[in-house]
Amino acid sequence: MKKINLREGWLLKRFPAGTEYRPEELEAAFGAPGSGKDRSFSVRDFPEQVHDVLLDYGVIENPNETGINRDLWIDEYDWVYRLEFTGGTFAGAGGSVYLNLKGTDTFASVYLNGTLVGTCCDAFLDYRFPVEGVKAEENVLLIWFRSAKEKVNGVRLPERYEGRVPTISAVRAFRSGFHEYCGPVPSLIRCGIYGDVTLAREDPLLFDEVTADSRLSEDGETGMVAVTASFLGALEKYRGELLRARILDGDGCVRAEEIRPITKRSETVELMVPHPKLWWPWTMGEPAVYRLELTCGSGTVDSCGSGMADSVEKVIGFRRISMVGDMDFQINGKPLKLWGANLVHPDTRSNRYRPEVMERLFNLAELGNFNILRVWGESERYPEAFYEECDRRGILIWQDFYFCYSAYPEEPEFLELCRREAEQMTRRLKSHPSILLWCGGNETLLWRDYDNPGGPCFGEEIVCRVLPQVCAEQDPDRYYHPSSPCGGDFANDPSAGDTHGYTHLWFVPGREFPVFLSENCRVSTPSMKSMRRMMKPEELWPPGYTGCVSRRQRKEWPESWELHNTNQGVIKLGPVEHYYDAETAEELVYRIGAAHAEYIHGQVCRFRRGFRGDEASSTGTVRRTNGHILWKFNNNSNIISYGIVDYYQEPYYPYYELKRCYSPFLVSCELGDHGYIWVTNDTGCAVSGRLEIFLFDIVKNERQAVFYENFQAEPDESKPVCTIDRFGQFKKTNLVCAVAYSVEGKILGMCAEPCEIERRMEYPEHTGLQIKQEGDDLVVTASRFARCVELTGDEDGDEFGWLFEDNYFDLLPGMKKRIRVLGRHERGTVKAKAIYDDDEGKTEYQLLMSSTSNVGYNRLIDSSLPASDMPDRPLQTEYYILPSIAGL
């Protein structure tokens with residue numbers, strides 16, 4: 001056996017911080033009896049960090065349930081992991097033995113059988129230590145984590161950094177644990193092991209590192225992969241051993257292969273795949289991936305590392321991404337507009353990767369029509385499994401290096417550590433077709449503009465020299481972006497590069513059509529069911545609280561909510577003034593969520609269109625906005641924050657509004673001095689059909705006028721098909737509605753735009769809303785206009801884990817809304833309720849078909865588009881317009 005994954009038998013124990021212990025003293029302490037917090041805890045599901053283990057044993061409560069961390073005592077201690085294991089064939093074997101650590105957070109000393117074998121000081125690095133003295137029988141591995149709080153407090157910086165560089169930015173720990181921004185309040189400093197710990201032996205050789213660079217020939221007819229493999233071991237012992245490299249397609253067929261003897265410490269193999277399937281974002285085509293397999297040495301190898309050979313596998317793909325203008329990308333020769341969100345680590349309690357949690361976020365990203373996720377510079381790092389899943393799903397990644405809104409020291413040793421991180425990350429990840437670009441980090445240059453205008457930008461040396469040098473050396477064909485945001489006359493200049501949507505705090509010239517938004521934010525609450533987990537009833541609506549905003553009561557929520565909010569969220573809300581003052585907690589949650597959704601609707605539809613209707617020309621007008629990445633996708637603590645998916649992976653109103661605005665084929669309405677009906681096509685293929693445009697009066701409950709227009713939209717084309725001037729003047733009780741039909745009569749998209757803010761509208765209180773099950777779908781209808789229909793589910797008291805293909809939608813009378821039920825529930829009570837209707841529809845849901853019918857969330861526009869351009873994915877939510885309303 002060449003490798004052992006050390007997973008079973010770990011113990012964890014705390015020790016007072018600030019004391020130097022000999023390894024035998026640490027070992028003796030594990031043998032002594034202990035109780036309560038001083039006991040030795042068995043790690044049940046390694047790898048686990050300290051908070052994971054303590055939560056397993058009920059020593060602490062999950063601080064992310066309420067967004068308040070009451071267990072700050074954990075930060076005051078050192079924590080030691082202990083493992084006793086049998087060395088077996090690793091004892092006295094030929095060749096060196098190595099201990100590999102794939103995730104250590106952060107400051108650790110590593111002992112094997114009482115001997116120090118290495119130290120760790122960077123949470124973003126993998127470590128490999130050569131070890132000696134492995135015994136056939138009992139071996140003891142100790143990994144001693146020093147209190148990160150004590151370490152950071154002990155940092156002393158040169159005088160020139162005083163008042164500029166915070167001590168946390170002078171170490172390479174997960175910075176997000178040292179403040180409240182992501183929650184919980186006041187902080188949660190993680191500690192411990194979050195990745196695999198393995199032993200490996202040469203005997204006679206091991207892979208040291210494998211990198212793969214994929215590219216396409218100019219004509220796109222050949223996929224080329226340059227594989228570079230370096231080896232550990234004595235060259236004289238492994239010279240002549242075989243290196244095998246092969247590429248397999250999605251059906252498991254070998255498409256390229258080479259076998260050669262190893263003659264030096266590093267070998268490069270060139271593999272050619274004729275007529276490769278191309279990799280596309282899922283909104284444009286099939287994300288075809290291939291598997292690269294390498295083995296070195298004699299004999300066979302299995303997934304456990306048995307045998308005399310060593311092996312490595314990588315997911316690869318063939319695509320050509322180019323930047324043809326300022327943040328203007330093409331993929332495989334087709335225009336690529338980017339619509340997605342910023343992903344943050346799912347749980348601030350731990351950086352351990354949980355595939356089941358990430359799978360639901362991936363599913364929600366696809367359901368939300370995202371074709372890109374940004375890995376934020378203050379997030380935690382992800383393993384290969386994350387990027388492989390992005391490859392397979394066709395989700396692009398904007399990959400930040402792990403730097404953030406801060407100044408950084410520029411001392412040689414710190415710059416060298418940053419270089420080492422970047423080299424390791426680029427070599428590890430560059431084979432993934434999903435990686436769109438490298439970015440120097442989050443808001444380092446923006447920090448200069450906001451916090452030190454006119455002064456030096458400490459950290460600029462990192463993002464403008466060290467990181468671009470690494471990228472040029474390791475991955476020269478992929479775009480490097482210095483920092484997010486940057487590119488114009490000032491860091492956050494919307495007219496060039498990328499910008500962050502801070503229009504809630506700043507007046508920003510050129511904000512109407514930025515070139516690219518890598519962040520754009522407003523704050524809202526989670527849904528009511530998650531709020532009830534966050535707060536006690538008396539916190540949700542304190543006695544005497546009125547919900548009215550005045551000069552003396554300026555906050556939009558009760559003071560008790562401030563305990564569960566970070567980063568002054570109360571001044572970062574959407575246009576809450578457009579909605580009625582709340583009289584209950586439920587009404588306040590709606591008011592804030594609806595304002596967030598309204599902000600998303602107005603902003604994203606405008607960015608998708610790309611210019612104003614009065615700027616359109618007969619020869620076509622170039623769209624000025626090339627992408628929008630919302631801040632942020634998910635909350636990683638149950639707090640009031642920016643996320644449109646909460647800590648429990650439950651989406652709320654703003655999520656569904658973003659999903660509708662990100663439809664690859666979008667029908668939208670621009671209301672200004674004149675009104676325009678638009679179509680926007682980001683599907684990668686031409687779309688044609690007919691628009692039905694009409695007014696609907698919500699008071700009279702009838703249509704007032706109708707006309708029709710044909711349309712043709714090429715890929716990457718956005719245009720106003722017509723004005724609504726022919727309606728003349730009309731009352732603001734009307735909605736402006738447009739429905740796009742394909743040439744076959746299928747619905748491609750629709751919009752129903754109000755002309756007045758909500759608090760001035762009188763939406764129906766008795767809508768006749770009904771819901772029933774047809775097959776495995778839900779069908780919702782109404783006899784009057786139903787504003788913001790919310791679907792909720794309940795299976796034996798369990799309200800969580802339900803997911804509906806669409807939710808929080810407006811419904812015109814006579815329309816039949818068909819919705820798939822997704823998520824983990826196969827039965828239960830499903831209710832439908834419009835926000836201003838006291839009545840609700842209800843049905844008992846029971847999954848009829850196999851469970852596979854409710855697990856595929858991927859969505860594309862209607863299948864009437866050419867089949868050759870469309871992967872085999874489920875259709876979008878459909879509206880069926882009845883003859884009584886459509887006049888067909």
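Which residue, with a positive phi, follows α5? The residue after α5 is Asn369, and its phi is near 65 degrees. This is a predicted model, in which local features need pLDDT of at least 70 and side-chain atom pairs count only at pLDDT 80 or more, while totals for chains, interfaces and linings use all residues. Residues are numbered from 1 along each chain as its sequence is written, and side-chain values use heavy atoms, with hydrogens and water left out.

**Helix α5**

- Helices (H or I, at least four residues) and strands (E, at least two) are DSSP runs, numbered from the N terminus.
- Helix α5 covers residues 355–367, and its 13 residues should span 18 Å at 1.5 Å a residue; the expected span is 1.5 Å times one less than the number of residues.
- The end C-alpha atoms of α5 are 18 Å apart, which agrees.
- Of the 13 residues in α5, 10 are buried (under 20% relative accessible area; exposed is over 50%, and partly exposed is in between, with a 1.4 Å probe and protein chains only).

**Nonpolar cores**

- A nonpolar core is a set of buried Ala, Val, Leu, Ile, Met, Phe, Trp, Tyr and Cys residues joined through side-chain atoms within 4.5 Å.
- The largest nonpolar core has 131 residues, and Phe386 and Phe633 have the most contacts inside it.
- Helix α12 (residues 585–609) gives the largest share of this core, 11 residues.
- Another core, of 39 residues, lies apart from it and includes Ile74, Trp79, Leu99 and Ile193.
- Phe386 is in contact (heavy atoms within 4.5 Å) with Leu343, Tyr353, Met358, Phe362, Val375 and Ile397, leaving aside its neighbours within four places in sequence.

**Surface patch**

- Leu505, Trp506 and Ile571 form a nonpolar patch on the surface, with about 300 Å² of accessible area together.
- Patches are made of residues with over 30% relative accessible area and no salt bridge; like charges are joined within 9 Å, and nonpolar side chains (Val, Leu, Ile, Met, Phe, Trp, Tyr) within 5 Å.
- Accessible areas come from the Shrake-Rupley method with a 1.4 Å probe, and for residues only the protein chains shown count as cover.
- Trp506 lies in the loop between β28 (499–501) and β29 (517–520) and is partly exposed, at 43% relative accessible area.

**Salt bridges**

- The structure holds 75 salt bridges, each a side-chain nitrogen of Lys or Arg within 4 Å of a carboxyl oxygen of Asp or Glu.
- Arg660 forms a salt bridge with Asp806, with the closest N and O atoms 2.7 Å apart.
- Arg660 is in helix α13 and Asp806 in the loop between β41 and β42 (809–811), so the pair links parts of the chain 146 residues apart.
- Asp806 counts as buried, at 3% relative accessibility.
- One network of salt bridges that share partners joins Arg7, Asp45, Glu48, Asp196 and Arg352.
- Asp716 and Arg623 meet through their side chains in a salt bridge (3.0 Å, N to O).
- Asp716 is partly exposed, at 23% relative accessible area, whereas Arg623 is buried, at 6%.
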